[in-house]
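I opened this entry to keep track of what I looked up. The notes follow the order in which I went through the model.

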Amino acid sequence: MRAVIQKVTRAQVKVIEADRSDVTGAINHGFMVLLGVGEGDTEADAQYIADKIANLRIFEDDAGKLNQSLKDTEGAILLVSQFTLYADARNGRRPSFSNAAKPESANRLYEYVADLLRKHGITVETGRFQTHMQIDLCNDGPVTLLLDSKKLF
């Protein structure tokens with residue numbers, strides 16, 4: 001499982017449909033998290049990612065050091081599924097997505113991560129799985145981190 005985490009002052013996601021767009025999630029302070037589920041990922045991968053996200057200390061303390069977590073700052077999460085985090089663009093010009101989990105498995109684990117984060121006491125807003133979306137955010141810092149449950153990076 002992979003996640004791109006951006007510390008944000010605000011973020012929102014809109015679902016784009018043929019004749020309209022609807023905001024499905026919005027936060028003011030916290031993390032914008034793009035979450036990719038890989039083929040073979042399990043609930044253990046979801047638990048690792050959720051625990052890491054909930055406890056990352058990348059907010060400033062009184063001394064200006066990145067030493068506080070979402071829980072410390074009462075931040076929220078905007079969680080959006082992003083299968084393209086498993087794109088392989090090493091060969092040719094068209095990326096392969098064969099390492100991404102199939103939609104049924106990916107959605108189940110995506111929802112599981114959202115539930116685990118909520119169990120940490122964090123407010124979680126979401127996009128809508130398998131739809132066209134647009135994200136608007138203000139990256140604070142900027143601070144952007146990459147996580148991989150297999151610890152490849």
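**Notebook: chain end, helices, cores**

I started with lysine 151, which lies in the segment after strand 8. The model is a predicted one. Lysine 151 has a positive phi of about 60 degrees, although it is not a glycine. I looked up its accessibility next: at 58% it counts as exposed, because the cut-off for exposed is over 50%.

I then checked glutamine 130, which also has a positive phi of about 60 degrees without being a glycine. Glutamine 130 sits in the loop between strand 7 (123-126) and strand 8. Its relative accessibility is 62%, so I noted glutamine 130 as exposed.

In strand 8 I looked up proline 142. The peptide bond that leads from glycine 141 to proline 142 is cis, and its omega is near -5 degrees.

**Helix 1 against helix 3**

How do helix 1 and helix 3 pack, and at what angle? I found an angle of about 40 degrees between helix 1 (residues 43-55) and helix 3 (residues 103-119), with the axes 9 Å apart. The two helices are therefore oblique to each other. Their crossing is right-handed.

For the contact itself, I listed Glu43, Ala46, Gln47, Ala50, Ile53 and Ala54 on the helix 1 side. On the helix 3 side I listed Arg108, Leu109, Tyr112, Val113, Leu116 and Leu117. Sorted by type, the residues of this contact are 9 nonpolar, 1 polar and 2 charged.

**Cores**

The largest nonpolar core has 32 residues, and Phe31, Ile53, Ile77 and Leu79 touch the most other members. Two or more residues each come from strand 1 (2-17), strand 3 (30-36), helix 1, strand 6 (76-81), helix 3 and strand 8 (133-148). Helix 3 gives the most, with 8 residues.

Beyond four places in sequence, isoleucine 53 touches Ala3, Ile5, Phe31, Val33, Leu70, Ile77, Leu117 and Leu147. I also noted a second, separate core of 10 residues, which includes Val4, Val13, Ile27 and Leu34.

**Methionine 32**

Is methionine 32 buried or exposed? Methionine 32, in strand 3, has a relative accessible area of 2%, so I wrote it down as buried. With neighbours within four places left aside, methionine 32 is in contact with Val4, Ile5, Gln6, Val8, Ala11, Leu78, Val80, Ile135 and Leu137.

Last, I took a distance from methionine 32 to serine 105: they are 73 residues apart in sequence and 22 Å apart in space, C-alpha to C-alpha.

Conventions: Residues are numbered from 1 along each chain as its sequence is written. This is a predicted model: local features need pLDDT of at least 70, side-chain atom pairs count only at pLDDT 80 or more; totals for chains, interfaces and linings use all residues. Side-chain values use heavy atoms; hydrogens and water are left out. Axes are lines fitted to C-alpha atoms, for helices over the stretch in contact, and angles run from 0 to 180 degrees between N-to-C directions. Helices (H or I, at least four residues) and strands (E, at least two) are DSSP runs, numbered from the N terminus. Angles under 35 degrees count as roughly parallel, over 145 as roughly antiparallel, 65 to 115 as roughly perpendicular and the rest as oblique. A crossing is left-handed if the near helix is turned anticlockwise from the far one by less than a right angle, and right-handed if clockwise. Contact means heavy atoms within 4.5 Å. Ala, Val, Leu, Ile, Met, Phe, Trp, Tyr, Cys and Pro count as nonpolar, Asp, Glu, Lys and Arg as charged, and the others, Gly among them, as polar. A nonpolar core is a set of buried Ala, Val, Leu, Ile, Met, Phe, Trp, Tyr and Cys residues joined through side-chain atoms within 4.5 Å. Buried means under 20% relative accessible area, exposed over 50%, partly exposed in between (1.4 Å probe, protein chains only).
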